[in-house]
Amino acid sequence: MARETLLGLERLENSAYGKVFLVRKRGGKDAGRLYAMKVLKKATIVQKKKTTEHTKTERQVLEAVRQSPFLVTLHYAFQTDAKLHLILAFHSTRFALTLHTFGPGNI
């Protein structure tokens, strides 16, 4: 998996450590499928040991518990020199519920 195989459609969320984008897979058996791509800046993560540990733990948990109804499924993960990319299942109903609950300007 590489960044070039994903077509960015829109930004869904911002956080202090990175961003989440809606992307469409361009090739392979799951071509055309929508995913949420969480992009984390390595420079920001490594500034604090706790943040580094939390990020590693997040990836390990998502990889270990792929079929949980309570966690979003991790499909792919890769990195560049500057960023970490987690490719997660996109659930439009969950995102819509978040928008409905908090409003688009409060996320």
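I'll start with a charged pair: the side chains of aspartate 30 and lysine 25 meet in a salt bridge, 3.0 Å from N to O. A salt bridge here is a side-chain nitrogen of Lys or Arg within 4 Å of a carboxyl oxygen of Asp or Glu. Aspartate 30 is buried, with a relative accessible area of 11%, and lysine 25 is buried as well, at 9%. Buried means under 20% relative accessible area, exposed over 50%, and partly exposed in between, using a 1.4 Å probe and protein chains only.

A caveat on the source: this is a predicted model, where local features need pLDDT of at least 70 and side-chain atom pairs count only at pLDDT 80 or more, while totals for chains, interfaces and linings use all residues. Residues are numbered from 1 along each chain as its sequence is written, and side-chain values use heavy atoms, with hydrogens and water left out.

Back to lysine 25. Its C-alpha atom is separated by 4.7 Å from that of leucine 6, 19 residues away along the chain. Leucine 6 lies in strand S1, residues 6-14, and is buried, with a relative accessible area of 3%. Strands (E, at least two residues) and helices (H or I, at least four) are DSSP runs, numbered from the N terminus.

How many salt bridges does a search of the whole structure find? Three. Another one joins the side chains of lysine 38 and glutamate 58, at 2.6 Å from N to O. Lysine 38 is in strand S3 and glutamate 58 in helix H2, so this pair ties together parts 20 residues apart in sequence. Both ends are partly exposed: lysine 38 has a relative accessible area of 22%, glutamate 58 one of 27%. Then there is arginine 59 with glutamate 63, 2.3 Å from N to O. Those two are four residues apart in helix H2, which means a separation of about one helical turn.

Next, the nonpolar side. A nonpolar core is a set of buried Ala, Val, Leu, Ile, Met, Phe, Trp, Tyr and Cys residues joined through side-chain atoms within 4.5 Å. The largest has eight residues: Leu12, Val20, Leu22, Ala36, Leu62, Leu74, Leu86 and Leu88. At least two residues of this core come from each of strand S2 (18-25) and strand S5 (83-89). A second, separate core of seven residues includes Leu6, Val23, Met37 and Phe78.

Contact means heavy atoms within 4.5 Å. Leaving aside neighbours within four places in sequence, leucine 62 is in contact with Val72, Leu74, Leu86 and Leu88.

On the outside, phenylalanine 70 is exposed, with a relative accessible area of 75%. This residue lies in the loop between helix H2 (49-64) and strand S4 (74-79).

For the overall layout, the protein chain has three helices and five strands, running β-β-β-α-α-β-β-α from the N terminus on. Of the 107 residues, 26% count as buried.

Last, confidence. pLDDT is the predictor's confidence in each residue, from 0 to 100. The chain averages 82, and 82% of the residues score at least 70.
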